[in-house]
Protein chains: 2
Amino acid sequence: MDKHIVFTAEQIASFDKQFRTNLINSVPGVKATCLVGTRNSEGVNNLAIFSSLVHIGANPPLLGLIFRPDSVERHTLSNIRHNQYYTMNLLHKGILAQAHQTAARYPADISEFTETGLNPVEMNGFHAPSVRESAVCMGMLAREELHINTNNTILLVGEICWLQLPAGAVTEDGFVNPERAGTCGAAGLDAYFSVRGEQRFSYAKPGLPLRSDPSFV
Amino acid sequence: MDKHIVFTAEQIASFDKQFRTNLINSVPGVKATCLVGTRNSEGVNNLAIFSSLVHIGANPPLLGLIFRPDSVERHTLSNIRHNQYYTMNLLHKGILAQAHQTAARYPADISEFTETGLNPVEMNGFHAPSVRESAVCMGMLAREELHINTNNTILLVGEICWLQLPAGAVTEDGFVNPERAGTCGAAGLDAYFSVRGEQRFSYAKPGLPLRSDPSFV
């Protein structure tokens with residue numbers, strides 16, 4: 001086993017800001033990451049990267065995002081508050097640099113689509129742009145905003161209005177295989193990872209041995 | 001480009017329950033996943049898998065978890081409410097079957113550590129057990145609980161009290177490389193993935209070309 005280091009709360013608080021930011025953002029491992037597409041009241045399309053995508057529930061189909069109101073992400077939140085609709089577009093290997101570049105602090109009247117070369121698509125008149133280069137895209141409707149008092153961040157809960165998937169990535173039982181979809185995730189603020197299937201198991205019950213799906217990898 | 005399929009909200013609502021559950025849980029791709037260790041009022045150690053880990057903030061260092069109150073996860077939430085302290089322990093290839101088995105509905109007086117063969121560790125008298133076989137472990141203190149009205153789930157926000165890392169996984173700038181740590185994540189309810197570094201970029205600024213770190217992969 002590799003040698004371990006332990007950091008206490010006091011040590012973490014004493015680290016310089018950049019070290020602590022990198023450490024705490026990366027310690028959970030690879031995070032579900034997406035490009036959030038919105039449109040502002042002037043009709044400008046906005047695109048911003050978020051690695052705080054979290055599953056909230058399947059019925060109704062709900063996904064959450066965490067917003068820091070004082071950051072670059074403010075355009076996204078303010079557009080969603082105005083318009084209610086937004087999109088989530090997953091990353092893959094071919095668009096990592098463009099996806100990362102959307103984190104730059106562009107003024108509100110500049111579209112990150114134009115600046116990065118990613119292409120906006122308006123899916124069947126949906127009120128927010130999706131990303132043509134993303135294989136997995138979702139149209140979302142904002143349902144609820146919760147204020148996190150501990151650090152003044154916000155959890156936005158949205159409902160899936162539609163989703164687009166590569167046909168070859170969906171198995172018979174509804175599972176979307178992220179390796180087949182070519183989905184990438186982020187760790188920390190600036191590092192991107194692809195994924196490789198290790199094991200898929202049967203439903204876990206007390207006293208019952210697990211079966212590992214031999215066709216999975 | 002692969003052929004795409006699109007599902008509407010109406011189609012998603014009409015799918016059979018298991019298909020929809022698999023679809024919606026897997027569509028965001030690989031999620032940050034951990035084993036949550038708690039202790040109940042009788043002193044029994046509990047361990048349960050969660051793939052709803054989300055970054056809330058770096059200073060103070062905060063991570064969130066989503067709980068469905070009506071599920072097997074209820075023991076974990078009730079223990080945290082009683083005790084305030086808990087641990088988060090990341091997955092790696094060597095413990096995937098044991099980690100998945102913690103999802104079985106064991107009675108409250110049965111320890112998932114005993115049932116799965118994972119070993120509890122009491123880090124310096126911390127009030128909740130961590131997992132000896134996990135390379136990345138965190139001690140947590142519950143800070144805030146938010147009720148999500150849309151589907152009656154709960155966001156628990158916790159602060160990192162200590163964290164343990166493999167020394168070789170932490171780079172000079174505080175970044176914890178999940179590939180070097182051997183961290184795995186979950187997609188859907190039952191599939192586990194390892195990760196491979198693709199690119200690490202410089203800080204994004206308008207008009208400035210990104211640099212990709214050549215030493216990253």
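## A charge over a ring

In chain A, the charged end of Arg200(A) sits over the ring of Phe175(A), 4.3 Å from its centre. Here, "over a ring" means that NZ of Lys or CZ of Arg is within 6 Å of the ring centre and within 35 degrees of the ring normal. Chain B has its own version: Arg200(B) lies over the face of Phe175(B), at 4.3 Å from the ring centre.

Arg200(A) also has a salt bridge, with Asp173(A), and the closest N and O atoms are 3.0 Å apart. (A salt bridge needs a side-chain nitrogen of Lys or Arg within 4 Å of a carboxyl oxygen of Asp or Glu.) This pair links distant parts of the chain, with Arg200(A) in strand β12 and Asp173(A) in the loop between β10 (153–166) and α6 (178–181), 27 residues apart. Arg200(A) counts as buried at 9% relative accessibility, while Asp173(A) is partly exposed at 29%. The cut-offs are under 20% relative accessible area for buried, over 50% for exposed and partly exposed in between, using a 1.4 Å probe and protein chains only.

## What kind of model this is

This is a predicted model, in which local features need pLDDT of at least 70 and side-chain atom pairs count only at pLDDT 80 or more, whereas totals for chains, interfaces and linings use all residues. Residues are numbered from 1 along each chain as its sequence is written, chains are lettered from A and ligands numbered from 1 in the order in which they are written, and side-chain values use heavy atoms, with hydrogens and water left out.

The mean pLDDT of chain A is 95, and 97% of its residues reach 70 or more; pLDDT is the predictor's confidence in each residue, from 0 to 100. The model scores ipTM 0.96 and pTM 0.96.

## How the two chains are related

Chain B superposes on chain A by a rotation of 180° with 0.0 Å of shift along the axis, at an RMSD of 0.0 Å. The two copies are thus related as by a two-fold rotation axis.

Contact here means heavy atoms within 4.5 Å. Within chain B, the residue that comes closest to the rotation axis is Val195(B), with its C-alpha at 2.2 Å.

## Across the chains

Over all chains there are 16 aromatic pairs. In one of them, Phe193(A) and Phe216(B) have ring centres 5.5 Å apart and planes at 80°, so the pair is edge-to-face. It crosses between chains, from strand β12 (residues 191–200) of chain A to the segment after β12 (191–200) of chain B. Both Phe193(A) and Phe216(B) are buried. For reference, rings of Phe, Tyr and Trp (its six-membered ring) pair if their centres lie within 6.5 Å; planes under 30 degrees apart count as stacked, over 60 as edge-to-face and the rest as tilted.

A salt bridge joins Lys93(B) and Glu198(A) at 3.8 Å, N to O. Lys93(B) lies in the loop between β6 and α4 (96–101) of chain B and Glu198(A) in strand β12 of chain A, so the pair joins two chains. Lys93(B) is partly exposed at 45% relative accessibility, but Glu198(A) counts as buried at 18%. Shared partners also tie Lys93(A), Arg196(B) and Glu198(B) into one salt-bridge network.

Then there's Leu96(B), in helix α4 of chain B and buried at 1% relative accessibility. Not counting residues up to four places away in sequence, Leu96(B) touches Glu198(A), Gln199(A) and Phe201(A), along with Leu91(B), Cys184(B) and Tyr192(B).

## Around helix α3

Helix α3 (residues 74–83) of chain B buries His75(B), Thr76(B), Leu77(B), Asn79(B), Ile80(B) and Asn83(B). Among the elements covering these residues are β2 (34–39), β3 (45–50) and β9 (137–148) of chain B. After α3(B) comes Gln84(B), with a positive phi near 75°. Helices (H or I, at least four residues) and strands (E, at least two) are DSSP runs, numbered from the N terminus.

In chain A, Glu145(A) and Arg81(A) form a salt bridge with closest N and O atoms 2.8 Å apart. The pair links strand β9 (residues 137–148) to helix α3 (residues 74–83) of chain A, 64 residues apart. Glu145(A) is partly exposed at 38% relative accessibility, and so is Arg81(A), at 45%.

Key. Copies are superposed by least squares on the C-alpha atoms of residues with pLDDT of at least 70 in both.
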